[in-house]
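Visitor: I have a model on screen and would like to go through it with you. Shall we start?

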Amino acid sequence: MAGCGGGSDENSTDSKSPRPEVEITSMRVGSIVDRIEVSATSTFQAQNVVKSPITGFIVSIAVSPGQLVGRGTLLMTLQTKESRALGNALDSMSGGLKLSGIWSVKADANGFVSEVSHQVGDYVPEGESLATIVQQHSLAFVLNLPFEWRSLVHVGLPVELTMSDGTKIQGKAANPLPQANQGAQTIPWLVTVGPTKFIPAGIQALATIPSYSSRQAQLLPKSAVLSNETETRYWVMHLVDSVNAIKMDVQLGHQSGDSVEILQPKFKANDKFLVSGNYGVPDTLLVKVISK
């Protein structure tokens, strides 16, 4: 009889054995946004090319590359080839009309001088490019979108551009450009931006694009979700009462930061899940909750 009694006490130790201490969290319903990142390059949509109105020689240049000019600002002074050939004789031949053969070339638009194409003394034919003025308000970025992601971008989509110094610029997708990059198999998308500080053309930026969003997503912290070695199966430890936790398979959606979207099954708002002490445990576990 003593032996039978001893056996009975030994079998009852399971309910009295120490329970692992765990931390728990609640299911949260909220918004989740997933994003992709691609490269983008700054460019100017509007460039004003100033051309020579006559055939002649450049007498003086009043601007330099990088200079900000306004409409009507003097850029260059030209002299016709005829007036240079005739010299002082032009005055006597003009019959008092005071023809000097000197032409002033002025800017047709506001902007920055990006290029001065000639030097003083150069001979230029009529229609020759003299300078290029870029209009700062036409600053845009060309997004290099991989072809397989083409369905993710549409006109008006918000795009966040991050410069190499950490500066962030908000833009919108305007329209795709007709010529793709054959080597990289990317589709160029024009992204317009609002007024900003001067940024030269050719500057690289990182474009962040929302690829998915849900306002009523079931969200859990990453620490509450476990998986097998091949990440083909996912589960959570669901606290069904004050001391019992069971393993439940889940189907994951998107991730954002520390949050993971749970697509299936549908849980209740007050359901609790283990976020610590949940690794390598059996399908059913007796626990002691130490924090909430």
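Visitor: What does Asp283 count as, going by relative accessibility?
Guide: Keep in mind that this is a predicted model, where local features need pLDDT of at least 70, side-chain atom pairs count only at pLDDT 80 or more, and totals for chains, interfaces and linings use all residues. Residues are numbered from 1 along each chain as its sequence is written, and side-chain values use heavy atoms, with hydrogens and water left out. Buried means under 20% relative accessible area and exposed over 50%, with partly exposed in between (1.4 Å probe, protein chains only). Asp283 comes out at 49%, so it counts as partly exposed.

Visitor: Which side chain does Asp283 meet in a salt bridge?
Guide: The cut-off here is a side-chain nitrogen of Lys or Arg within 4 Å of a carboxyl oxygen of Asp or Glu. For Asp283 the N to O distance is 3.3 Å, and the partner is Lys247.

Visitor: How many residues apart are Asp283 and Lys247?
Guide: Asp283 sits in the loop between strand E20 (272-276) and strand E21 (284-286), while Lys247 is in strand E18. Those labels are DSSP runs numbered from the N terminus (helices are H or I, at least four residues; strands are E, at least two). The pair links distant parts of the chain, with a separation of 36 residues.

Visitor: What is the relative accessible area of Lys247?
Guide: Lys247 falls in the partly exposed class too. Its value is 22%.

Visitor: Strand E18 also holds Asp249. Which residue forms a salt bridge with Asp249?
Guide: The closest N and O atoms of that pair are 2.9 Å apart, and the partner is Arg233. Arg233 lies in the loop between strand E16 (226-227) and strand E17 (234-239), so the pair ties together parts that are 16 residues apart in sequence. Both ends are partly exposed: Asp249 has a relative accessible area of 44% and Arg233 has 36%. So the name you want is Arg233.

Visitor: How many salt bridges does a search of the whole structure find?
Guide: Besides the two pairs above, Glu160 forms one with Lys168, the closest N and O atoms being 3.9 Å apart. Glu160 is partly exposed at 26%. The search of the whole structure comes to three.

Visitor: How many residues of E6 are buried?
Guide: E6 (residues 74-80) pairs with E4 (residues 56-61) over five bridges, with Ile58 opposite Leu78 and Ser60 bridged to Thr77. E6 also pairs with E7 over five bridges, and here Gln79 stands opposite Ile102. E6 is mostly covered, and of its seven residues the buried ones number six.

Visitor: What is the order of the other open sheet, the one with E3 and E5 at its edges?
Guide: Strand E3 (47-51) and strand E5 (68-69) each have a single partner strand. Strand E8 (residues 111-116) and strand E10 (residues 129-134) pair in the antiparallel sense over four bridges, with Glu115 opposite Thr132. The order is E3-E10-E8-E5.

Methods
Pairing = 2+ DSSP bridges.
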